[in-house]
Amino acid sequence: MKNAKRLNIRIHGHGGDGVVTAAKILAWGVIEGEGKNAQMFPTFGPERSGAPVVCSVRICERPLPIPIENPDIIVVFKTALKDDGVFGGIGENSVVIVDSPEPAIKIAKALGRPIWSLDASGISKTELGKALPGIALFGALVKATGIVGRNSMFLAIRNNIPKKNLRGNLRAAHRGFEAVRTIGELSKPCVCLSTETPAKPAWNEIIPGAVQTDAGNSRNYKTGGWGISLPVIDLDKCKMCMICWAMCPENSFRVMGGKLVLDEEHCKGCGVCSEVCPKKFDAIKMEIKKEKQNES
Ligand code: SF4
Ligand code: SF4
């Protein structure tokens, strides 16, 4: 790892896990602790708790296009384990680190390769009082790759975490470092060396940002999984004024058979509809989804 000229790391999780914080601290540790170059790019849709987040961290001598397609190291938070394409683009020598309450034998078997695993969510619940596994995963990443030294790891945390949360996060990093284990036999202690220096992309090879490549694609983006609650419509009270339809940011209302119907695949539970439904009708109440009730 110490001789690597370029490293690509991809971290998967969901909003609220601490994905961006973990990536930021890693990049800080590389730059300030080790005196090397690093870049960190979070990629998300609308920035919201519970939405999928991918963070790319690049340790290199010159900029490269994002997002990282072929990571040398991949870190997957528990919340993202079931997401599509999370393990896409990993190579034979990529280091895979997953947050899993059980040793992630099934994942290692499915990938047909050794991986690193730890219960980072469990550690963070003990040390921080909630599931914020980013720092424990950062500790695991340091152990699995030696990408920064332990001193740089602690220094990076000290310089990026508010004082009131510092002790718990330092303990979480230490425990992540100690707890991470390999599943399967690793051929080398760290196998993610990448020594070639990438060619600088030509002007017409640079990936443009913030561009919609096709129209009408928001219907393909299923925002229904984001929220914890759903509006319940009282059809006896509803007077079909359609104010909720007009104000819904996800266009989640349909009229079928002369009645208002909710599109649960796109309703993100923001509650705007229940706020705008006229008080004299009072036809919409927000209710916690059944599966979320069970979670708490
Ligand atoms: S809660 Fe109401 S306003 Fe918000 S997305 Fe769902 S239907 Fe639309
Ligand atoms: S705002 Fe209320 S009354 Fe009007 S259509 Fe929506 S649910 Fe019905």
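The secondary structure of the protein chain consists of nine helices and 11 strands, where helices (H or I, at least four residues) and strands (E, at least two) are DSSP runs numbered from the N terminus. The model is predicted: local features need pLDDT of at least 70, side-chain atom pairs count only at pLDDT 80 or more, and totals for chains, interfaces and linings use all residues. Residues are numbered from 1 along each chain as its sequence is written, while chains are lettered from A and ligands numbered from 1 in the order in which they are written.

Seven strands form an open sheet with mixed pairing, in the order β2-β3-β1-β4-β5-β6-β7; two strands pair if DSSP finds at least two bridges between them. At the edges are β2 (39–44) and β7 (181–183), each of which pairs on one side only. On average, neighbouring strands of this sheet are turned by 20 degrees against each other, direction ignored. Axes are lines fitted to C-alpha atoms, for helices over the stretch in contact, and angles run from 0 to 180 degrees between N-to-C directions. Eight bridges join β1 (residues 7–14) to β3 (residues 52–59) in the antiparallel sense, and His 14 has Pro 52 in β3 as its bridge partner. Helix α1 (residues 19–33) packs on the sheet and touches β1, β2 and β3, its direction making about 5 degrees with that of β3. Helix α4 (residues 134–145) lies across β4 (73–76), β5 (95–99) and β6 (115–118), and runs at about 155 degrees to β5.

Of the 296 residues of the protein chain, 36% count as buried (20 or more other C-beta atoms within 10 Å of the residue's own, C-beta atoms being placed from the backbone). A nonpolar core is a set of buried Ala, Val, Leu, Ile, Met, Phe, Trp, Tyr and Cys residues joined through C-beta atoms within 7 Å. The largest such core has 55 residues, and Val 57, Ile 97, Leu 137, Phe 138, Ala 140 and Leu 141 have the most contacts inside it. Helix α4 supplies the largest share of this core, eight residues. Another core, of eight residues, lies apart from it and includes Ile 233, Phe 253, Cys 273 and Cys 277.

The residues around ligand 1 include Cys 248, Cys 267, Cys 270 and Cys 273, a residue being near a molecule if its C-beta atom, placed from the backbone, lies within 6 Å of it. Ligand 2 is surrounded by 13 residues, the closest being Cys 238, Cys 241, Cys 244, Cys 277 and Ala 283.

Methods:
Contact = placed C-beta atoms within 7 Å. Buried ≥ 20, exposed ≤ 12 C-beta atoms within 10 Å, placed from the backbone.
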